[in-house]
Amino acid sequence: MKNTTMILLACLVLFFITGCNEPASVGNVSVEENSSEEGEIMDPVENDDVPFSKPEDSDRQEEQQMEPQLTLSEIKEQLIEVYGRQVPVQWGERVSGVKNSIDTNDKVIALTFDACGGGRLGNGYDEELIDFLIENNIPATLFISGGWIDNNEEVFAKLAKVPTFSIQNHGYRHRPLSVNGQSAYGIKGTGSVAEVIDEIILNDEKIAEITGKRTQYFRSGTAFYDDVAVNIANELGKTVVNFSVVGDGGARFSQQQVHNAVVRAKPGAIVLLHMNRPDTEIAAGVRSAVLELQKQNVSFVTLDEYHKYLSEEVIN
Ligand SMILES: [Zn+2]
């Protein structure tokens, strides 16, 4: 345990010294101080999930990152100054600033798969589902939590190398994104501006350590947010993405229900599914729906491919 922590800390230090990219470099926050609070995050029923990264792009990103970087503490100081006294007026899955669909006439659908982490069910890996996507070259955005990565390190490293997958951020501890501790589905949300920043940035760093690339998209655990937290995420350079179609009913749907939900998705839909529940019929439902949609000449895309067209509108 101690050795692992030391190695992790050493990696973090190296990571920050060399500079990684984009808005935030997180220097002086120890992983230990942030990882002790909530061990397990149970999340069997939530309606959320998915992320993307192309590891081969990491060199280009590093080149772009020449300007001086703020430490995590400095970022927190600045954002607490701006947002610390703001009182949220919205709470839920459909909050201003959250993207839900793709505004396009193209016949495309974005499949997104959450890996939530937390407990035996949360930390599962649906190999049948992922193998189907890989073997059939189906692009997908995978939103992955810090807890899930910790429990599936080898699998995560493998997923990060799949060129048709976009690896994105599902939160360090898979918590609803709140500045004042609001809960969703019985999961307590982050409780302050600083915790919102940790929830996003600590997982961003964890992912970047393995993929060599920071994430562009964030979806909170449970997909719940307040409007102040969404603004903070945007300040950190993240686009917050939810969904327009619930593909698996919080991992509760039967094969037929998953099939029906996905196959009815309209062009531009962002479909929320889970990749951490091999105990369900999600894989079977996705397989039959994808094959059916392909017959209708529907293409599957990652969020990155349609970044400019992400919209708050709900197209389902
Ligand atoms: Zn989740």
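How many helices and how many strands make up the secondary structure of the protein?

**Figure 1. Overview of the secondary structure and burial of the protein.** In this predicted model, the secondary structure of the protein comes to 12 helices and 14 strands. Of the 316 residues in the protein, 48% are buried. When contacts with a separation of 6 or more are considered, 85% of them in the protein are accounted for by residues 24 or more positions apart.

**Figure 2. Close-up of helix α11 and helix α12 where their axes cross.** Helix α11 covers residues 255-263 and helix α12 covers residues 282-295, and their axes come within 7 Å of each other while crossing at roughly 35°. The crossing in which α11 passes α12 is right-handed. On the side of α11, the contact is made by Gln255, Gln257, Val258, His259, Val262 and Val263, whereas α12 contributes Ile282, Ala284, Gly285, Val286, Ser288, Ala289, Glu292 and Leu293. Sorted by class, the residues in this contact of α11 with α12 are 8 nonpolar, 5 polar and 1 charged.

**Figure 3. Close-up of the largest nonpolar core.** This core has 74 residues, and among these Leu142, Ala229, Val271 and Val286 are the ones that touch the most other members. Helix α9, which spans residues 193-211, gives the most to this core, with 9 residues.

Key:
Residues are numbered from 1 along each chain as its sequence is written. This is a predicted model: local features need pLDDT of at least 70, side-chain atom pairs count only at pLDDT 80 or more; totals for chains, interfaces and linings use all residues. Axes are lines fitted to C-alpha atoms, for helices over the stretch in contact, and angles run from 0 to 180 degrees between N-to-C directions. Helices (H or I, at least four residues) and strands (E, at least two) are DSSP runs, numbered from the N terminus. A crossing is left-handed if the near helix is turned anticlockwise from the far one by less than a right angle, and right-handed if clockwise. Two residues are in contact if their C-beta atoms, placed from the backbone, lie within 7 Å. Ala, Val, Leu, Ile, Met, Phe, Trp, Tyr, Cys and Pro count as nonpolar, Asp, Glu, Lys and Arg as charged, and the others, Gly among them, as polar. A nonpolar core is a set of buried Ala, Val, Leu, Ile, Met, Phe, Trp, Tyr and Cys residues joined through C-beta atoms within 7 Å. A residue is buried if 20 or more other C-beta atoms lie within 10 Å of its own, exposed if 12 or fewer, and partly exposed in between; C-beta atoms are placed from the backbone.
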